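Subject: Structure handover

Hello,

Here is the structure we talked about. Please open it first, then read my notes below.

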Amino acid sequence: MGTRRVWALAATAAAVTAGAALWRPAESRLTDLSVYLGAVSGLADGTALYDFTRGAAPFTYPPFAAVLFTPLTWLPVPVVQVAWTLATVAVVAGVAFLTTKTGTRREHNVVAHPIDTAVEPPGNVVAHPIDTAVEPPGNVVAHPIDTAVERPGNVVAYPIDTAIERPGNVVAYPIDTAVERPGLASARCPAELPASGPARNRVRPRPADRPELSTIRACPQGTRPRSPNSVTMPSGGGPPGVGGPWTRARSTINSAGERIGATLSAASLSTAGVALLLTLSAPVSSNFKYGQVSLFLAALVLADMTALRRTPWHGTLIGLAAAVKLTPLIFIPLLWVTGRRKAAALATATFAGCGLAGFVALPRDSWRFWTGEGFDVSRLGYVTGLGNQSLNGALMRLGAAPGVRETLVLIVGGVIVLLALRRAARLKDNPLAATVVVGAASIVLSPVSWTHHQVWLVLAAFLPVRPVARIVILAVMILPLVGETRLLLAVVVAAMLPIQAGEGRWDGIRTPATAAGGRSAVTVA
C-alpha cells in the first residue's frame, strides 16, 4: 500500500476519532479540558484552584499548569476545544515522525557501503566491509540468487526471523543454523551437496587473505538449513506434534506471524503507518475523547530525548513536562543513568524554575499543592476502576490493605523502575528504546495510570523487537482492555521484553540464542 493511501487512512481515522469526541453533548465533551478551563476561570472569581470540581473531577496538576492554561480562557470554549483537538492530531503526527526517525537507528549507526567505497558520515561509525554490515532491524534485503554476493569473501547480512521466499531470491535463516562461525553450531543443509553441484550452492572456504571469515554455506532455495543435532523427519510422518501436517501448519502460522510483525516494524512502516496505528490505539483515542494533556507531555519528553539530544537545550522539555504533571519526573534519572548529567541538571533546574513561577503567581494554591493536595490519590478519580492499570490500582481491586498496598507498590514498583533504568543505561545508544522502557516503568509505579497515560506501551511496538511481540503489543493496546493485561505489558516492556541492542545482541529475557549469546544477523554467501 502506497504512502499516500496510508496517510489517507491515518487522516480518516483521526477525523473520525476527533469528530466523535467533538460531537458529544456539551456536558460530556472533552471533560478533562473542561476541568482545566473551569479551574483557571474560577481563579478570577476568587475560587481556590483546588476547590474547583466539575462533576466529580477536581483540578489535580501543579499550579504552574494553571498558569500555562490561563491564555486558553481568553477564547470561546468551542474554539479552544476545536484547536485542542487539531493540536492533538498534529502531535500524533509529530510522535510518529520522531518514532520512525529514531526507532530504527542507534546513536552510532553502521552504514553499509560497497567494499573500498566506505565513507565517514558525520557522527557515524566508519562503514565496515559488507561482510559485517547489518541492515536496520526488521528489514530484509532480497537479492536474486544469481546476483547476490558474487565477490569472493563477501556476505550479505539479514536480520533474524524475517526470512522471505520469493522466486529467485535468497532465503535468510537464523544465524545459529545458517552460518559457521567460531563458537557457533555448525550448520548443514538438509542434504549435503556434491562438489559438482551449482557454484552458488557449494561450501565456500574462507579466503586465505581473510582469516576472520568462517566458512559460509548457502542452502538451495526452499530448504532450511539445520544444525548437526537436528532430526529430519520424513515428509508427512513422524510422531504427533513433531512432523507431518501439524508441523507444517504450525510453521505456516509462525511464518505468517513473523512476516506480519516485520511489516509492522518502525523500519518497515512509514510515518503515516505509525500515525495510523497510534490513532487506532486506546491511549491516543482516550486523549482525543477527554481532551487530555498526557499526549502533549509524552511528545515533549520524546522530543527532548531525540530531537534535542545533541543541543544545549537537552533536558528543558522534560523539566517543563514535569512542571505540568509530576509523572515525567522519572525521566530525569533516565538522563542521569545514560550519562547525560548536564541535561539532567538542566531538567531539574527547569522543573524548579517553573515551580517557582507557579508559586509566585499562585502562592496559596502552591502551598496547598506541595504540602498535601498533590499527593492525595483520592482526588484523582475512580482509582479502583479497571482503567487504572497501575500496580496501585491492581492491588486496590484485589482488596489489599492500605498499609500493605503502599509497601508493595514501593518495593515491587521501585524494583521495576530500577530494572528499567538499568536497561535504559544499556540501551542508551537507542534513545527511543531507553525512553519507552522507563515510560513503561512509570505506568507501573504511578499511583494512577489511566488509559491516556499508556502511550509508551504503544510506542514499544515500534522498537526493534521480535515480530510476534510487536503483534501482541498492538493487540493489547488497540483491542478493548481485558483484566490487568496492560499492567502486565508495562512490566514486561520495562524489565523483560527482548529489544535489539546491537548486532547480534538483545537486551531482555533471552530468546533462543546462539552460542555467542542473544540473536545475531544472518549471513548468506
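Is S442 buried or exposed? S442 is buried, because its relative accessible area is 10%, under the 20% cut-off. The residue lies in helix α16. Leaving aside residues up to four places away in sequence, S442 touches T327, I330, S449 and W456. Keep in mind that this is a predicted model.

**Overall**

The chain has 525 residues, and 48% of them are buried. Its secondary structure comes to 19 helices and 6 strands. Take the contacts with a separation of 6 or more: residues 24 or more positions apart account for 68% of them.

The largest nonpolar core holds 104 residues. F59, L278 and F462 touch the most other members of that core. Helix α16 (residues 431–445) supplies the largest share of this core, 10 residues.

**Annotated spans**

An unreviewed UniProt entry carries the annotation "transmembrane region". According to that record, it covers residues 79–98, 260–284, 315–337, 343–362, 407–425 and 431–448. I looked at two of these spans in the model. Residues 79–98 are 100% helix and 0% strand, with the end C-alpha atoms 28 Å apart. Residues 315–337 are 70% helix and 0% strand. The end C-alpha atoms of that span lie 14 Å apart.

Helix α10 (residues 316–324) packs with α12 at an angle of about 35°. Their axes are 7 Å apart. The crossing of α10 and α12 is right-handed. On the α10 side, the contact is made by T316, I318, G319, L320, A322 and A323. On the α12 side, L346, A347, T350, F351 and C354 take part.

F64 is in helix α3. What does F64 touch, not counting residues up to four places away in sequence? The list is L320, A323, V324, C354, A357 and G358. L320 and A323 belong to the α10 side of the contact above, and C354 to the α12 side. F64 counts as buried, at 10% relative accessibility. F64 and F351 are 287 residues apart in sequence, yet 9.9 Å apart in space, C-alpha to C-alpha.

**α13**

Which residues of helix α13 (residues 363–370) are buried? They are D365, S366 and F369. These residues cover an arc of only 100° around the axis, so they sit on the same side of α13. As a rule, an α-helix has 3.6 residues a turn, so residues three or four places apart point the same way. The face turned away from the buried side of α13 carries the exposed residues R364 and W367. The cover over the buried residues of α13 includes α2 (31–44), α3 (63–69) and α12 (341–361).

L30 sits in the loop between α1 (3–22) and α2. Its phi is near 45°, a positive value in a residue other than glycine. L30 counts as buried, at 0% relative accessibility.

A460 lies in the loop between α17 and α18. At 0% relative accessibility, A460 counts as buried. Not counting residues up to four places away in sequence, A460 touches V436, V465, I473 and V493. A460 and I473 are 13 residues apart along the chain, and their C-alpha atoms are separated by 7.4 Å.

A461 is found in the loop between α17 and α18 too. A461 counts as buried, at 0% relative accessibility. How far apart in sequence and in space are A461 and V274? They are 187 residues apart in sequence and 9.7 Å apart in space, C-alpha to C-alpha.

Best wishes

Notes: Residues are numbered from 1 along each chain as its sequence is written. This is a predicted model: local features need pLDDT of at least 70, side-chain atom pairs count only at pLDDT 80 or more; totals for chains, interfaces and linings use all residues. Side-chain values use heavy atoms; hydrogens and water are left out. Buried means under 20% relative accessible area, exposed over 50%, partly exposed in between (1.4 Å probe, protein chains only). Helices (H or I, at least four residues) and strands (E, at least two) are DSSP runs, numbered from the N terminus. The arc is that of the directions from the helix axis to the C-beta atoms. Contact means heavy atoms within 4.5 Å. UniProt positions are given in the numbering used here, feature names are shortened, and annotations may be inferred rather than shown by experiment. A nonpolar core is a set of buried Ala, Val, Leu, Ile, Met, Phe, Trp, Tyr and Cys residues joined through side-chain atoms within 4.5 Å. Axes are lines fitted to C-alpha atoms, for helices over the stretch in contact, and angles run from 0 to 180 degrees between N-to-C directions. A crossing is left-handed if the near helix is turned anticlockwise from the far one by less than a right angle, and right-handed if clockwise.
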